[in-house]
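Please consult the sequence and the structure shown here alongside the text.

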Amino acid sequence: MWWAWLAGIALSTCGAGWPPASQAQQSSGSDGILALLDIAAPSAGGSAFGSGFVISPDGIVLTNAHVVVAAQVDPGHHRLIALGRVEWFSASLVCASSLGAGAGALDSAQTVHLRRDVAEVRLGPAFVEQSIDVLGGRWRPHTGPLPRFAALAFAGRDPAPGQQVESQGYGFSGGPPTLLANSGRVLRVFNAPDGTPVVGVRYTTPVEHGRSGAPIFDASGGVVAMQTWGSAAAPDDGAGIAQSALRTPCR
């Protein structure tokens, strides 16, 4: 039974090691940005972790398909939850793009193919009235009707090379999932082989594992892209999917 072991979640994640907290600036945060967690039944092995952001006040959240892929292909052994500031919610998959060979590090060896990598999930009340502990942090279950969530707004256009941006998402440096901010500059905007518009960004600090699905903002606070890939060869470099491809996420 899922609820028999929720309080003792142990995370295992893919990718490179996580930077110490001093390498990332902690943000005051936004109620529209959430941590997404794939809970795996014991027989299914470890869990996955990522970020997401609310696009509708009734609880529709965007993230990357590779964050939720286990729940998509093996729902019998994986289910999603979302961590807010102090509460956790259930998260059901609405749709997700196909990943083909899957996601990975973005580097000169082309170990990941840039492609459409978007998923939409819907938040709901916690499926069991039990607090959960994640790496030393505790979240209480949200029961009863859902609140009106703080939805983030898309910018009017995709970013341009040289533009200053900031990404906010959940990272982990040996403690509970923490909302962090990372400023950067757009290096280039180009199309992936499948036509998906991709935004390359050089940040001032490394891109932490767990930031997949985090929003990238322009100076006015509009979402211009969604952080999707990091670079194994250059940890300060990241790439995301431009906002023009996020408005109809799985179509």
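## Basis and conventions

Contact means heavy atoms within 4.5 Å. By this criterion, and with neighbours within four places in sequence set aside, Ser97 is in contact with Ala65, Gln72, Arg116, Asp117, Val118 and Cys250.

The model is predicted: local features need pLDDT of at least 70, side-chain atom pairs count only at pLDDT 80 or more, and totals for chains, interfaces and linings use all residues. Residues are numbered from 1 along each chain as its sequence is written, and side-chain values use heavy atoms, with hydrogens and water left out.

## Overall architecture

Among contacts in the chain with a separation of 6 or more, 69% join residues 24 or more positions apart.

Of the 251 residues in the chain, 51% are buried (under 20% relative accessible area; exposed is over 50%, partly exposed in between; 1.4 Å probe, protein chains only). The chain exposes about 10,700 Å², of which carbon and sulfur atoms supply 52%; accessible areas come from the Shrake-Rupley method with a 1.4 Å probe, and for residues only the protein chains shown count as cover.

## Ser97

Ser97 is found in the loop between strand 6 (87-96) and strand 7 (119-124). Ser97 counts as buried because its relative accessibility is 9%. A polar atom of the Ser97 side chain lies 3.3 Å from the backbone oxygen of Arg116.

## Aromatic pairs and charges over rings

The whole structure contains three aromatic pairs (rings of Phe, Tyr and Trp, the last by its six-membered ring, with centres within 6.5 Å; planes under 30 degrees apart are stacked, over 60 edge-to-face, the rest tilted). One of them is the edge-to-face pair of Phe53 and Phe154, at 6.5 Å centre to centre and 80° between the planes. Phe53 lies in strand 3 (residues 48-56) and Phe154 in the loop between strand 9 (137-141) and strand 10 (164-171), so the pair ties together parts 101 residues apart in sequence. Phe53 is buried at 0% relative accessibility, whereas Phe154 is partly exposed at 22%.

Trp88 and Phe127 also form an edge-to-face pair, with 5.2 Å centre to centre and 75° between the planes. Because Trp88 lies in strand 6 and Phe127 in the loop between strand 7 and strand 8 (132-134), this pair ties together parts 39 residues apart in sequence. The charged end of Arg79 sits over the ring of Phe127, 3.7 Å from its centre (NZ of Lys or CZ of Arg within 6 Å of the ring centre and within 35 degrees of the ring normal).

Conventions:
Helix = DSSP H or I, 4+ residues; strand = E, 2+ residues; numbered from the N terminus. Polar contact = N/O pair within 3.5 Å; in protein donor to acceptor, adjacent residues only side chain to side chain.
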